[in-house]
Structure formats: C-alpha cells, structure tokens
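Reader: I am new to reading protein models. Could you take me through some features, one at a time?

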Amino acid sequence: MSIRSSKPEAYISFHELLAGPAPQDHEFRFPGQAYEDDDRKLVGRDHESSVLARFVHCLKDCGQSLFLQGDEGVGKTALLEEARAHAEKNGYFSVRTYGLQSESQLPLAGLQRLAESIPHPENSFDALQLYAGRTALYTAATHMLRILVEAASNSPLLVVVDDIHWMDEESIDALVFCARRLQRNPVGLLLAGRVTSATRELADDLPTTVVSPLAEAPAARLLSRHQPALARPLFRRVLAEARGLPGALEGIPAGLRQHGSLASTVLAPRLPLGNSLADVLLVRLRDLPRESSRLLLHIAAQWPPPRTIDMIRMAEHLGLSLDHLAAAEDAEVIKVDGSTIQFGHPLLATAIYWSAPFADRRIAHTAISEVLTDPWERARHLGVAGLEPDEKIAADVERGAMAGFARGEILDIPGLLQRSAQLSPTAPRRTRRLIRAAEMAHTAGEKELAGELLQQSFGVQTDAATEAARTALIGLVAYGEEATPAHAWPAAIDALRIAEEHSADYPLSLWSLAGVLYGAFDDRKSAARINALLGGRDSDLDLSRNDDALLALLAAWTGRAADVPTIRRAVRERARTLDVPAHRSLSDAALALAAVAIDEPEAACALGTDLVPKLLAFGFNDAALALLSGLMFARLQSADATAVEALARQGLGLATACSDQSFALLFEVGLAHLAAWRGDSTQVRALTDPALAFAVPRRQRMLAACAHWARGLASLGDGKPEEAFAELRPLIIGKGTAAHRIVSDWAVGDIVSAAEATHRIDEVRPYLDYVDHIRKLRGSRLVHHLAARSWGVVDGGVAAERHFQTALSVHIPDHAPFERARTELVYGEWLRRQRRVLEARPHLLAALEAFQNIGATVWEERAKSELGAAGHQAATPAPADGWRLRFDLTPREAEVTNFAARGLSNQQIGWQLGLTPRTVASHLARAFPKLGITNRRELASLMEAVAPVKVRQMTEA
C-alpha cells in the first residue's frame, strides 16, 4: 500500500473530524410515521375532551364555569369548538365571542359584544354610556347575569369566550361576577386564554384546566395528518420546533408551502410559520418602539438563545441601548432570566424573524457573523446572509459545516454545504462541495436531496477523492432505488479502486455503501474483483489505519482466507484495548462486522456494543443498521436469546424509521431464528415469507440464506426432514440459489442433518469437503466444530465417534452453546443406538441443560425423549407418562404414539427419536392393541377423548 502524502484542497478526512468525544445530548429519535387516525378526533387531547364533555353534560342540572389556560397555538380554540359541537348535539344553545387587543382598553367593550351575540329582546347594552365607575360596573354585571339567565330559560346555554386575555379588565370582572352566581341556572361559561395580569383572577377564582403542549408521539401523529409527505429530516425538525403546539404543527408546514423548502429557508434559524398564528403572536409587538423590534430581530436570528452579556454587546455593536431591551421585557415579549434571554412564547421568535423583510434578516445575520468566533455558528449565519459567489465565504461556510458535523449537527450540514456550493465561484470547487453535500444529505436520511445534488455534480472533472465519493454515491442512489446489490457493488469497488490508485482517503459515501452491502460481496464477480484489488497491495492489512478496517470488512465477508489470520489478531487485540482514546467509530464498526464473518462473536460484541449510540449521534444510520445486524448474528452464535431479541427490535425500529426494507426484513429473520428454537413454525414462516419474497427477485443472497436457514431449522425441530432439506438445499455452495459464503458455513450442520435424515448424503458430501477445506484456511473454531459433527453424521459407523469427539474438543462452550448442545445430542443419540446408554446419558443431560438455558423448547423435548430411551428417569413426569400409565405402554411406545397422534409420519417420528421408520412401525403395532384401536385415525380420536386433566391425574397417581 503506498503512503498517502497529500490530500485535495480543503478535503478534510471525516475521520479527523471525529476526533474527541462523541457529541452529547443527541439521542436518536425515530421520525414520525403515517398514522391511521380519526380526522374528527383531537389528537392527544383525550383528557381535555373528557373534561369538556363532563362540563357540557352537567349544564342541564346546574351552572358551570371553566377556564382553559394555555399559550397561543396550544389548541384551545379547537377544544372550544369541540365543546360547542357537543352542546349543540345535545340540543343546547351556544354563543361565542372573543377578546380584541384593539378594545382591551375600552371599559366593558367585551361584555357588550357578548350581550349582542345573545338574541334577546332586552339585550341592548350601551356599555360606554353605562360605565361610570364601580357602581355602574355592578349594574352592568347584574344586567349581563339577567340576560344569561333569561337566555337559558328554554334550554341550557353554553357561552364560549376565546382570547379572554385581550378583553378589558371590567368585562373580565363582570364575567367572574356572573360565574359565581350561575350555580342554579343551566348556563356554562367556558373561557379560554393565557394567564396575564388581567386574567390572573380567573385562574385563581374559577375551575381551571391547563392545556399543555402535546407529547412527542401525538404531535407526530398530528403532523402526519397535516403533512404526511414531509421529508423525514424536515419532519423531525418541524416536530422539534413546534414544541408540541398544534397551531405550529399546522402552521409550519403552511409556512414551508408559502416560502418553499429552499436551502435559504431550511438554513434559517427557524422554519417559517403560517400567517394565521404569526399574526396572533405579533400582536404583542404592536406598541413596541422600532429600535426594540430591531433588537428583537437580532435575538430571533440566533439559533441558541443568546446570553444576556452577548446581547448587551450586540446592542452596543448596533448602537442601541438596554432601554430598548427593557421595553420588550415590560411588554412580556421576552424574559431576561439571569444570564439568558427567552421569548415569552415558544414561537414568538419565529414570528418576529419571518415577519421581517429579507434585507433586514440579511443585515442581522451579517452583523451577528461579525462578532462570532465559533466556525460552526459563523457558517450558519454566513450561509443565510451570502448572496453572490465568494470563495472566502464559501470556504468559511464549508469549514464551519464540517466543524458542525464533528459535533453531530448532522441535520443542518447538507443545506450548509449546498449553500457553500452555491457561493463557490469556480466549477471544480462547486462540484466538490455539491458531492460532499450529497454525502451528508444521504447520511442525514435526505436521500432524494442526495440524488438531486449528485445529479448537479455531473459533467465536471474533479480530484480523485471527490471522484471516488461521487462513484460511491452513484452506488448508494442505485441501491436506494431498487435494493439490488448487483446494481450497487460495482460502484463500491470502482470507488475503492480510485481511492487506492490515487492514495486518497476513503470517502464517507464508500463507508455507507459498504455498510448496506456488507453481506452482498460474496457474489463471485464482486469477490473476484476485491480479491484482485487486495492481492495487488504492496503489504498486508494495517488495521491500525482507519481505511484498512474497511478493507478488512470486505476481505472477511468475501471469504478471502489469506487475510483472516491478520484480521483475527487485530480484532482480538482491538477488543482488548478499547480503553485507548480513539476516533474510530466507523472503523471499529467495520472491524466488529469483520469479526462476525470470521466467527469471533466475543470480539464483535466487545467492539460494537457501545458504538451504536455514537454512530447514531453522527447520523451514520446505515452503519448503525449494519452493526446492529452483525451484533444480532454474533448473539445468535452465542445463543443469547434475550440479546438477540433486543438487538432485532432496536434494529427493526431504526430500519423502519429509515425506510430500509432490506435491514427490516433481516432483523425479522433474526426473530424467526428464535421462533425456530422454540418450535414455533407458524411464526417462523410469518417472519420469513416477506423476506424471501423481497430477497429472491433482488438476489439478496444473505437475506435469502438466513430466511431459508431459519425455516430449515424449524422443520428439523418439528421432525420434518424432507421440508428441512427443501429449505436448506438452496444454501449449498456451488448449487444453491441462496448460497452465501458465510451464512452457508454457519448452516452446514443443519444441511447435513437434513440430508442424512432424507438419505441425500451424496448431494452434500462435496459441499462438506469444501467446508472442511475452508475451515482449515480460515481457522474458524465454529466451522471446525460444525464440520467435525457433520462428518460424524455422514460416516455414521465406527469413525463417527472420532468426529464427534473432535467436535466436542473444539473450545466453544460460550462461543456457540446451541451448536455444542446439538453435538452433545447427536453424539448421545449415536451412543444410545450403539447400546452404550451409560455413556450416552452425560451427553444427553448436557444437551438438555443447554437447551433449557437457551430456551430451545423443541430441542429440549427431543433431548428428554432420548434420555427416556436411555433409561434416565425425569425428575418431573412428562404428559406422555400419564398416557403410558393409563394404557400400560412402554416409555418408547408412549412417545411414538404421542407423535403419531399429532400427525407425524413414521419417518418424521424416527427423525425425532433417532429410530428407523421400521422400528417406529413396530412400536405402533405393539401399542395399538393396548389402546384398543387399529389405525392412526382412531389414535387421534382417542388422544382427544383423554382430557389433559385425566392424564394429569394419572401422572399424579
């Protein structure tokens, strides 16, 4: 391998950016899905709806009052409308009014509007003439009370007042006066608004229900209802910025439709808000001085809330005074809380920012960028403020974007890099930045944007590193469209070749492509090209280097035996030295996957278990999915059912969130293996049918091989070797349509067992010779164990014992306990058939204990059966014992008739019990007279007639 002495201009290796600790507080959250929902129901408001339903229901018996307290946009109006609809459905009369800021200083103006909304001959209410101090206020309040009582004389009346915080204080006092005196009249006062100095008495004196923002799950459902086609990264951002406010979940998508989801829009510190909610919020600024509004725009144009000291400096930079900040605080627009400045409403900054003209926003961003020193923060402001191509600004934006990537700020990176490309004055630099933007867009899950940016990059010559990245991106886009590995791996190998020939760092897109394809490189053509590439290197793999870890991954999964000793030493050493500081999240993930392929599950788990959160923090979802699947295989080898299920569930959730059907089906196949251990064939087929339907036409060999393996294992457990061989035959290397260099080796023991039970040993003997040859080259303990056991099954005679003992001598008790237990079982069966029952029992007991620990129920029953045949008395009588005692059957006759009653053929029973079909027939012939029957049909009827309770009673007796 040649030494890499130079890098393209401004091309920063992403490994260098990952130096240092992982970004903090970046918990991965799955983006929203499309939900089936009742459009008529308020999402996430079950409690509030229940309160209002009870409130309306009680109006027919007595008067009620309720104050709905909450900020603008929280959904109070929707709740009020739901209450009105409920009242009218019950035949009640309802009226609605609302407060107006323009009339908030006019005494009794709100009360007058309410009186005029109630049709009544005596409802004339000239508030301005009436009001003349507290005495007149009492008169107005009693007059309003009389109007409400008389309006409810024929049917209950519901009075709804929205935005009561904008009503004048006198009207609010009068409504509180009425609320205290309506208990004996069927009148309901339903008031809604936020708490201000004017409405504080309402919250203190009236029953109050606080309407809070929605939790994340219902907020995602509501957003999916309003905007089901929103791109997932943008979906997550809308969800975060809306803060659970229904008004924002509807308003932000409306703002995006109005302004367009252009780079300049998405790069803004806040997404645009629809005019409806923005207008409501901006009312608070109506009386502020222009200088205060200008200062507020500079606060709103910043991403994190600015510190008070920074804002003081900004005010001085703009030539403004702190008095202008104090005016905004007096108007409850902002809150100065110690060292930070917060807006009085979560969306007020958004409304202020987008209500300003573009020129003012640009001036604000430019001014902020002049006082900032942090590259990431400066880049965000420069990206929004830049207009004309300028290499200095473009370079600053790119540099800051990559600094943000190192912090895990993945969602904003694609837009910034796209903006950097737009600001680039020359075609080569623009192309390089477009490709890097496409890489980051794909990493962030914006795959459509990645394809668009890639398309824009064509037609311009670039340096080798950029060309390698573009080539790998072509493969990623091709795989994303069709999920067919054969359409993508040539691009991966070409990108690898370009990088190797020019001594360039492997681009991020190549790592992503290798992650999604890691199990597909066993194809003959791809394996040949990778072997040719690796065979032409000047030296062995140096796995202390980041990029060589990717080569180790490819070498391991193509079955390249020459590199296995080097990889094995490296992964074991790396697994022991993980406490050494390193920035190797992707390279360690690659080594963990390589460890799985060379059957080093302990090293794979040690390397990979703690990497998943870090990969997700940096947005490496493809790598995280690949690693989770590899860890699932490692835990399957270790027979840790709990860990397998946890990894499969986590991976399934992530794959579903990322719309990655290939990985989702692979994790379901992992769950199918657990079902096969339990003997749940129905579940196995339900989980593997979709996988085969997806994998076979796309030639996804690893997925198809794993699915066939699970189905074959389930059939073996059910005692159906014919079905098992039909499922496992496609895995045979050189013959099978689902043959896979790694998975087929893992399944060799099951393939040979099914072939022996169906008398097809000649079909698998050449494959077993191949596996034996491969295990010598690769040095795999697991494959050595499986090959030795398989030769014992194939030979069957005196030589079988030597093979079984060889298999058990391979040190894998913790490495593969399920496979070791299978070997103990097969050896014990062989010893029993040789009439060496005393020697058989320890092996059968070891198998039974292991199957019980693993939870392999169907294999546990088979071990118990063999122990019974070997004369071992079980501590707890089996259900078949009651059957045996009732009809005076021998233990073996009871087992055979029990299986026959379940519909198994003589061959299938023989497979379960280690008997020949002729021996099974002999046992049945002796048992039928004892049972008083003559055929299998009568046997099944007899079994149904003997209730389990009776069998249990016989067992206890």
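Author: Start with a helix and its cover. What covers the buried residues of α14 includes α15 (308–318), α16 (322–330), β6 (334–337), β7 (340–343), α17 (348–355) and α18 (358–371). Contact means heavy atoms within 4.5 Å. Helices (H or I, at least four residues) and strands (E, at least two) are DSSP runs, numbered from the N terminus.

Reader: Which residues of helix α14 are buried?

Author: Buried means under 20% relative accessible area, exposed over 50%, and partly exposed in between (1.4 Å probe, protein chains only). In helix α14 (residues 290–300), the buried residues are Ser292, Leu295, Leu296, Leu297, His298, Ile299 and Ala300.

Reader: What should I know about the model itself?

Author: The model is predicted: local features need pLDDT of at least 70, side-chain atom pairs count only at pLDDT 80 or more, and totals for chains, interfaces and linings use all residues. Residues are numbered from 1 along each chain as its sequence is written, and side-chain values use heavy atoms, with hydrogens and water left out.

Reader: How do I read a strand?

Author: In a regular strand the side chains alternate between the two faces of the sheet. Take β3: Leu157, Val159 and Val161 point one way, Leu158, Val160 and Asp162 the other way, and all are buried. Six of the six residues of strand β3 (residues 157–162) are buried, so the strand is largely enclosed by the rest of the structure.

Reader: Which strands pair with β3?

Author: Two strands pair if DSSP finds at least two bridges between them. Strand β2 (residues 93–98) pairs with β3 in the parallel sense over six bridges. Phenylalanine 93 stands opposite leucine 157 there. Strand β4 (residues 187–193) also pairs with β3 in the parallel sense, over five bridges. Here valine 161 stands opposite leucine 191.

Reader: How do two helices pack?

Author: Compare their axes, which are lines fitted to C-alpha atoms over the stretch in contact; angles run from 0 to 180 degrees between N-to-C directions. Helix α42 (residues 781–795) and helix α44 (residues 817–833) pack at about 20 degrees, with axes 11 Å apart. That makes α42 roughly parallel to α44 (under 35 degrees; over 145 is roughly antiparallel, 65 to 115 roughly perpendicular, the rest oblique).

Reader: Where does phi stand out?

Author: Most residues other than glycine have a negative phi. Leucine 108 has a phi near 65 degrees, a positive value. Leucine 108 lies in the loop between β2 and α4 (109–116).

Reader: Is leucine 108 buried or exposed?

Author: Leucine 108 counts as buried, at 0% relative accessibility. Histidine 759 also has a positive phi, near 60 degrees, but histidine 759 is exposed, with a relative accessible area of 70%.
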